[in-house]
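Biologist: I'm new to this one, and I'd like to know what the labels rest on. Can we go through them together?

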Amino acid sequence: MRYNRNMQKFGDRLRNLRVEQGISQVKLAKEIKAGQSAVSLWELTQREPTLSKLVALARYFDVTLDYLAGLED
């Protein structure tokens with residue numbers, strides 16, 4: 001399923017971006033006004049972020065929405 005593959009890419013990319021920048025899930029959550037549990041669930045692909053949270057993540061990490069979604073490299 002393409003959906004599952006894209007969600008897995010999103011979770012992996014989010015985790016990689018966060019780890020590469022050396023920030024915790026707690027810090028990221030505070031920066032984008034979300035809960036730490038939400039960030040964890042996104043990384044584990046157990047929950048999808050809202051569009052507003054996706055935009056906040058893309059802005060925070062200075063990447064495109066397409067990159068986060070796994071649609072481009």
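What follows is a chat about the terms used for this chain.

Modeller: First, this is a predicted model, where local features need pLDDT of at least 70, side-chain atom pairs count only at pLDDT 80 or more, and totals for chains, interfaces and linings use all residues. Residues are numbered from 1 along each chain as its sequence is written, and side-chain values use heavy atoms, leaving out hydrogens and water.

Biologist: What makes a stretch a helix, and how many helices does the chain have?

Modeller: Helices are DSSP runs of H or I with at least four residues, while strands are E runs of at least two, numbered from the N terminus. By that rule the chain has five helices and zero strands.

Biologist: Why is Ser 37 called partly exposed?

Modeller: Buried means under 20% relative accessible area and exposed means over 50%, with partly exposed in between (1.4 Å probe, protein chains only). Ser 37 has 48% relative accessibility, so it counts as partly exposed. This residue lies in helix α3.

Biologist: Which residues of α3 are buried, and how do you know that they line one face?

Modeller: Val 39, Ser 40, Trp 42 and Glu 43 are buried in α3, which covers residues 36–43. Seen down the helix axis, the buried residues fall within an arc of 160°, so they line one face. That arc is taken from the directions from the axis to the C-beta atoms.

Biologist: Why does the radius of gyration agree with a compact globule?

Modeller: The rule is 2.2 Å times the number of residues to the power 0.38, with the radius taken over C-alpha atoms. For 73 residues a compact globule would be near 11 Å, and the chain has 11 Å, so the two agree.
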